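Hi there,

Here is the structure I promised to pass on.

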Amino acid sequence: MLKQSLARIRKGYGKKLVSIHAWNAWLVLFLAVSGLMLLGAFWREWLGEGRVWLKWGHILAGLALLVPVIYYLLLASKHWKRLKGRPSQKANVITVLTLLFGWIVSGIVLWQYKAFGPQAANAALLAHDLFTWIGLPIIIYHSITRTRWLKEPDKRSIRPEQEIKDAAVPNKVEKGHAQPQPIYTRRGFLKVAVGAGLAVTLGPTFVRWMGRSLQLPSAGEWPAANANHLLPDPVPLPQSSPPIGGGAEGHFRVYTVTDIPSFDNSNWSFKVDGLVDNKLSWNWEQFVKLQREVQVSDFHCITGWSVYKNTWEGIPLTKLMDMAGVQSTATSVKFYSGDGVYTDSLTLEQARMDDVLVAVMHDGKPITSELGGPVRLIVPQMYAYKSVKWLNRIELIKGEHVGYWEQRGYDIDAWLPGKVKI
């Protein structure tokens with residue numbers, strides 16, 4: 001019964017391989033475009049809530065990629081026989097299948113990040129990026145060229161019986177049979193030119209990504225840019241310099257929903273207001289004089305990457321709340337970003353957690369504008385979209401506030417797997 005089913009599936013497998021390659025090419029193209037849109041800062045803001053739908057489209061397309069892969073595996077034994085004596089084509093098939101499986105598996109781990117946990121998601125993101133950088137050009141080229149080759153009798157390895165018989169007759173040339181081509185056609189030249197252009201354009205970016213992701217010594221230091229000009233610099237506590245955490249392990253990926261803002265002494269202030277007994281306000285010179293504490297914690301982004309053993313220095317949120325005097329009617333704490341767009345919130349109980357920090361230093365240095373400085377919130381037990389960048393206002397409110405990404409489909413509670421939920 002199984003043999004009969006496989007025989008039916010493999011019948012006319014040449015045409016089926018053409019369809020598999022075509023569908024594979026379209027799916028990979030959609031995954032590439034949607035993946036870049038999900039990553040890009042411009043698209044993150046422009047898409048708004050549509051980003052959630054695009055993300056689900058990306059996930060579904062990734063799962064759909066399993067269909068042509070599995071279908072090919074059912075045809076693989078017959079195809080493999082046809083490739084006898086063609087080691088380069090066999091190697092090409094193995095390479096493409098490896099890339100597709102790696103892409104799909106790492107994508108599933110990222111999709112189910114809560115089930116697998118931050119360490120697995122971090123490794124999966126590194127693999128997903130690597131498969132994208134290396135595999136995307138290979139797979140697109142493979143799908144397009146093999147689809148064309150499968151339609152050209154003189155090039156393909158899948159040939160019907162009549163074609164094989166005709167090939168045995170020396171003088172028989174079918175109408176429209178491919179004629180010998182010059183070594184360098186215009187199309188071939190354009191392919192090389194485009195490939196060289198992509199290599200020049202994307203090559204340095206790939207090298208930087210590889211160095212940062214793998215923390216290669218030869219990659220050198222890649223300090224985050226700092227457009228802020230605030231004086232004086234905060235003086236680090238002894239536990240921050242050198243950092244008691246030993247220095248952050250990993251690389252921060254910079255995601256924003258607006259252009260990165262910059263601040264100086266004239267346009268920066270910090271407020272605590274709302275349902276409080278004492279409204280508080282500081283300029284920069286006053287704020288850096290507040291007593292700070294040091295903590296070491298890991299930082300996890302919902303997109304899958306993590307930075308471990310960060311040494312943060314700042315003011316515990318609960319101390320700022322006590323200074324202001326929280327009124328009994330307050331139930332939530334709302335946080336405002338200096339970009340003028342981003343907001344988020346914690347319940348009063350969550351905000352009282354000991355490790356929630358209003359940070360001004362990272363690993364003994366002022367937090368740069370790229371990483372959310374001069375001041376950002378740090379909520380170690382939750383995913384990083386709760387750790388508001390460019391924090392400049394804290395408001396005590398009654399009821400619930402739905403933050404920027406929560407409006408666009410994220411969970412209001414951003415607990416990491418295994419954390420005690422409050």
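Asp273, Arg393 and Glu395 are linked in a network of salt bridges, a salt bridge being a side-chain nitrogen of Lys or Arg within 4 Å of a carboxyl oxygen of Asp or Glu. Please keep in mind that this is a predicted model, where local features need pLDDT of at least 70, side-chain atom pairs count only at pLDDT 80 or more, and totals for chains, interfaces and linings use all residues. Residues are numbered from 1 along each chain as its sequence is written, and side-chain values use heavy atoms, with hydrogens and water left out.

Arg393 also turns up in another contact: its charged end sits over the ring of Tyr336, 4.3 Å from the ring centre. The criterion is that NZ of Lys or CZ of Arg is within 6 Å of the ring centre and within 35 degrees of the ring normal. Arg408 does likewise with Tyr404, lying over the face of the ring at 3.7 Å from its centre.

Back to the salt bridges: the structure holds nine of them. In one, Asp129 pairs with Arg253, and the closest N and O atoms are 2.4 Å apart. Asp129 belongs to helix 8 (residues 118–150) and Arg253 to the loop between helix 10 and strand 1, so this pair ties together parts that are 124 residues apart in sequence. Helices (H or I, at least four residues) and strands (E, at least two) are DSSP runs, numbered from the N terminus. Asp129 is buried, with a relative accessible area of 15%; buried means under 20% relative accessible area, exposed over 50%, and partly exposed in between (1.4 Å probe, protein chains only).

Another salt bridge joins Arg352 and Asp322, with 2.7 Å between the closest N and O atoms. This pair links distant parts of the chain, 30 residues apart: Arg352 is in the loop between helix 13 (348–351) and strand 7, and Asp322 is in helix 12 (residues 317–324). Arg352 is partly exposed, at 32% relative accessible area. Lys386 and Asp344 meet in a salt bridge as well (2.8 Å, N to O). Since Lys386 lies in the loop between strand 9 and strand 10 and Asp344 in strand 6 (residues 343–347), the pair ties together parts that are 42 residues apart in sequence. Both Lys386 and Asp344 are buried.

Now the rings. The structure holds 16 aromatic pairs. Rings of Phe, Tyr and Trp (its six-membered ring) pair if their centres lie within 6.5 Å, and planes under 30 degrees apart count as stacked, over 60 as edge-to-face and the rest as tilted. Trp268 and Phe287 have ring centres 5.5 Å apart and planes at 70 degrees, so they are edge-to-face. With Trp268 in the loop between helix 10 (186–214) and strand 1 (270–274) and Phe287 in helix 11 (residues 284–287), the pair ties together parts that are 19 residues apart in sequence. Both Trp268 and Phe287 are buried. Tyr404, the ring under Arg408, is edge-to-face with Trp405, the centres being 5.0 Å apart and the planes at 90 degrees. Tyr404 and Trp405 are both buried. There is also an aromatic cluster formed by Phe252, Tyr255, Phe299, Trp305 and Trp312.

A few backbone points may interest you too. Ser241 and Pro242 are joined by a cis peptide bond with omega about 0 degrees, and Pro242 lies in the loop between helix 10 and strand 1. Gly373 and Pro374 are likewise joined by a cis peptide bond, with omega about 20 degrees; Pro374 is in the loop between strand 8 (365–366) and strand 9 (376–378).

Which residues other than glycine have a positive phi? Asp363 is one of them, with phi near 55 degrees. Asp363 sits in the loop between strand 7 (357–362) and strand 8 and is buried at 18% relative accessible area. Trp390 is another, with phi of about 50 degrees. Trp390 is in the loop between strand 9 and strand 10 (391–397), and at 3% relative accessibility Trp390 counts as buried.

Val254 is partly exposed, with a relative accessible area of 35%.

Best wishes
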